[in-house]
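Work through the exercises below with the sequence and the model open side by side. Try each task before reading its solution.

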Amino acid sequence: MRCDEIHELIGLFVDGGLPEETMHRLERHLLRCPACSYEVRTMEQTRALVQKAIPVSQLSPAYREKAAARLLDRLAPHLRREPEPASARQWLLPLE
Amino acid sequence: MTHAAYQSHTESAFEARLIRRFQEGDPDAVTVLFDLHAERVFAYALHITGSREDAEEIVLEAFAKAFEKAAGFRGDSPFRGWLFGITRNLCLDRLRQPRLPALEMEGLDWQLSDNGTMAAQIETQTVVRQAVALLPDDQRLVVLLCDVEQWDAREAAEMLDKSLMATKSLLYRARRTLRTHLAALWNDSEEEGETDHAL
C-alpha cells in the first residue's frame, strides 16, 4: 500500500470501519512508515482530546417527562382517550 | 445484508409499526418514539444553537410537527427523516433570530484534585473548545456529533442529510483541520507562557 492510499483510509481505520484484510495491510504499512504512523496517532489523539474536553449532551429526566406530557397534550386530537378508571362504586357488592 | 444495513432495516420496521399504532391513536407509540429519538434531536439542536433552552424548545416543536405530519399521512411515513429535516429547519430558523452570546465556559468539567492539575485541564479544555469553534460549520457539527456524542457515521449522515461516504470524508477533513488549529493554539499559548516567565 502507498502512503496516499493509506491517507484515504485513515479515517476508517481510526473509527474501526475497515474490512479485516485491509486493516491488516494498513497495520503492516504503519509499522514501516513513521509519517503515516504519525498521522494515525495524531488523529486518535485529536479525537480523544475532543471527547475529553466537551461533555456529551444529555436531556434531564425532568425535561423528558415534562416534554413527553406536553407532546401528548398537543397531539391529543389525534390520540385515543385513555379509558376512565373504573369507579369503585361498580365493584361494590349489593348488601344482602 | 451487512450488519449496519440489517440494523437499519430492523429499526425502520420497528419505527413503521410504531407510526401505524400512532395513526390508530395509541399514545404509547408517541412516548416510545420520543424516547427513541429525543436525545439525538437534542444533541444536534444543542450543538447548532449553543443553547440548552433553545435546544429543548426545538425538541418539543420538532416532534410535534413530525407527528402532526404523520397523522394525516397515508402509507408508511418516513417519520425519522421528517423529524430530522424539521429539526434542521427549526435550528436554522433559531440561528436567524437575534440572540445573546453563549457562555463559553459553560459545561467545563471542574471535578479535579489539585490546583495545578485543575489549571492544566481547564487550559486544555479551553484550547480544544477554541479549536473546535474555529472549524467551518459543517466540520464542527460532524466532529461534535461523531467524536463528542459518539454517533456512528451512519446516524450522523442521516441527521446531516449527507451520504455515508461524504460524512466520513467530512469527519476526516474536520479532524485534520482541528489538529492544525490545536497545534497553532498550543504554540501560541506556549509562547505567551515563555513571555510571561521572561517578564
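The exercises go from one chain to the interface, and then to single residues.

**Ground rules.** This is a predicted model: local features need pLDDT of at least 70, side-chain atom pairs count only at pLDDT 80 or more, and totals for chains, interfaces and linings use all residues. Residues are numbered from 1 along each chain as its sequence is written, chains are lettered from A and ligands numbered from 1 in the order in which they are written, and side-chain values use heavy atoms, with hydrogens and water left out.

**Exercise 1. Describe the secondary structure and the surface of chain B.**

Step 1. Take the elements. Chain B has eight helices and zero strands. Helices (H or I, at least four residues) and strands (E, at least two) are DSSP runs, numbered from the N terminus.

Step 2. Check burial. Of the 199 residues in chain B, 43% are buried. Buried means under 20% relative accessible area, exposed means over 50%, and partly exposed lies in between (1.4 Å probe, protein chains only).

Step 3. Look at the contacts. A contact means heavy atoms within 4.5 Å. Among contacts in chain B with a separation of 6 or more, 61% join residues 24 or more positions apart.

Step 4. The areas come from the Shrake-Rupley method with a 1.4 Å probe; for residues, only the protein chains shown count as cover.

**Exercise 2. Characterise the interface of chain B and chain A.**

Step 1. Count residues. Chain B brings 46 residues into contact with 36 residues of chain A.

Step 2. Take the area. The size of an interface is often given as the accessible area lost when the parts come together. Here the two chains bury about 3,900 Å² between them, with 63% of it on carbon and sulfur atoms. Buried area is the accessible area (1.4 Å probe) that two parts lose on being put together, summed over both.

Step 3. Count the polar links. The interface holds 17 residue pairs in polar contact, both residues at pLDDT 80 or more. A polar contact is a pair of N or O atoms within 3.5 Å; within protein, one must be able to donate a hydrogen and the other to accept it, and residues adjacent in sequence count only if both atoms are side-chain atoms.

Step 4. Find the helices. In chain B, α2 (27-49), α3 (52-71), α5 (115-133), α6 (137-148) and α8 (164-198) each supply at least two residues of the side that touches chain A. The largest share, 11 residues, comes from α3(B).

Step 5. Sort by type. The side of chain B that touches chain A has 24 nonpolar, six polar and 16 charged residues. Ala, Val, Leu, Ile, Met, Phe, Trp, Tyr, Cys and Pro count as nonpolar, Asp, Glu, Lys and Arg as charged, and the others, Gly among them, as polar.

**Exercise 3. Trace salt bridges across the interface of chain B and chain A.**

Step 1. Set the rule. A salt bridge is a side-chain nitrogen of Lys or Arg within 4 Å of a carboxyl oxygen of Asp or Glu.

Step 2. Start at B:R175. Its side chain meets that of A:D15 at 2.9 Å, N to O. B:R175 lies in helix α8 of chain B and A:D15 in the loop between α1 (3-14) and α2 (20-32) of chain A, so the pair joins two chains. B:R175 is buried at 1% relative accessibility, whereas A:D15 is partly exposed at 40%.

Step 3. Salt bridges with shared partners join A:D15, A:R47, B:D147 and B:R175 into one network.

Step 4. Take a second pair. A:E39 and B:R179 form a salt bridge, with the closest N and O atoms 3.1 Å apart. A:E39 is buried at 5%, and B:R179 is buried at 17%.
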